[in-house]
Structure formats: structure tokens, C-alpha cells
Amino acid sequence: MENTICFFEIPVQDGVAARAFYERLFGWRFSEVKAGEGRTYLFIHPSERADALSGGLVPRLDPQHQPTIYVEVASVDEMLSQAEQAGATVIARKTDLPGLGSIAAIRDPDGNALGLFQRADEDGSSPEKGAKE
């Protein structure tokens, strides 16, 4: 579904401690995915419900790094262009996530970071393969 919130990320200093906290507090389950540069991404599985919103724990990049919500869009490239025209600042250009899709991030005029997510094609290929980035 386009233009709906689809994912969230919570920045943390210590992934092990944060995982233990959320497991204890909410009963969330996690799975680990290697994210390159020796980092581990912790996917959050908050519920057994198929329609439950999922997220991840990410390394905190700086003290002001706040949680980010991701909005699923039809085209990351088109949405980045529209966002800039509407007054947003691009803070992370399009990045392909093999088998998942593409992401980017913007900062709205009030300073809030928002992620954009474009789902991969059903065959797992990157959407807009070969599109100018």
C-alpha cells in the first residue's frame, strides 16, 4: 500500500542492552542481520499478527539521532524529487537493499527525519533497476 507507514527504526547505543530491554518490556522478538562494516541490524518482530508494524534497532549515529518512521512509496526517486520541491532536504540518497527494495531519507521543513521505502518487485529484483540515482 502506497504512502503508508511501513517500518520504524530506533537508534541505540548498545544493541545487546536495548534488545534485552524491549524483550523484557514488550516481549518483542528479534532476528539479526549482518549489515556490513561489522555491524549487526536487529529486526524487531513485535507481534505474531501478520498486520503488525515491524522495525529495527540501529546504531545511534549521534546524540540527536531520533527514531525514524518509513513510508512506503511507489517510487523513491519520484518521492525524493517531490519532497525537495515541497521544501524537504534529502539526508540520505537512494540505497538499494537486495531482495527488499530501496530506501532514502528526508528531513521535513520542521526538522523531522522520515524514511522512504520502495518495495522490491515480486521477483526480488530492485525496483527501477538501472534508473538514474
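**Pockets, rings and a buried glutamate**

In this predicted model, 47 residues line the largest pocket, and Glu9, Tyr41, Val58, Tyr70 and Ile103 are the ones that lie nearest its centre.

Student: What is the volume of the largest pocket, and how do its lining residues divide by class?

Tutor: The largest pocket holds about 1500 Å³ of space, and its lining has 27 nonpolar, eleven polar and nine charged residues.

Student: Why is the pair of Phe7 and Phe43 called edge-to-face?

Tutor: The ring centres of Phe7 and Phe43 lie 6.0 Å apart, and a pair needs centres within 6.5 Å; their planes stand at 70 degrees, and because planes over 60 degrees apart count as edge-to-face, that is the name this pair receives.

Student: Where in the chain do Phe7 and Phe43 sit?

Tutor: Phe7 belongs to strand S1 (residues 4-12) and Phe43 to strand S3 (residues 40-45), so that the pair, 36 residues apart, links distant parts of the chain.

Student: Why does Phe7 count as buried, and what is Phe43 called?

Tutor: Buried means under 20% relative accessible area, and Phe7, at 15%, therefore counts as buried; Phe43, with 24%, is partly exposed, because that class lies between 20% and 50%.

Student: How do you know whether Glu72 is buried or exposed?

Tutor: Glu72, found in strand S5 (residues 68-72), has a relative accessible area of 10%, and since the cut-off for buried is under 20%, Glu72 is buried.

Student: What makes the approach of Glu72 and Arg119 a polar contact?

Tutor: The side chains of Glu72 and Arg119 are joined at 2.9 Å, which is to be set against a limit of within 3.5 Å for N or O atoms.

Note on methods:
Residues are numbered from 1 along each chain as its sequence is written. This is a predicted model: local features need pLDDT of at least 70, side-chain atom pairs count only at pLDDT 80 or more; totals for chains, interfaces and linings use all residues. Side-chain values use heavy atoms; hydrogens and water are left out. Rings of Phe, Tyr and Trp (its six-membered ring) pair if their centres lie within 6.5 Å; planes under 30 degrees apart count as stacked, over 60 as edge-to-face and the rest as tilted. Helices (H or I, at least four residues) and strands (E, at least two) are DSSP runs, numbered from the N terminus. Buried means under 20% relative accessible area, exposed over 50%, partly exposed in between (1.4 Å probe, protein chains only). A polar contact is a pair of N or O atoms within 3.5 Å; within protein, one must be able to donate a hydrogen and the other to accept it, and residues adjacent in sequence count only if both atoms are side-chain atoms. On a 1 Å grid over the protein atoms alone, a cavity is a set of points where a 1.4 Å probe fits but cannot get out, and a pocket is an open set with protein on both sides within 12 Å along at least five of seven lines; lining residues have an atom within 4 Å of a point. Grid points are joined across faces, edges and corners, and a volume is the space filled by probe spheres set on the points. Ala, Val, Leu, Ile, Met, Phe, Trp, Tyr, Cys and Pro count as nonpolar, Asp, Glu, Lys and Arg as charged, and the others, Gly among them, as polar.
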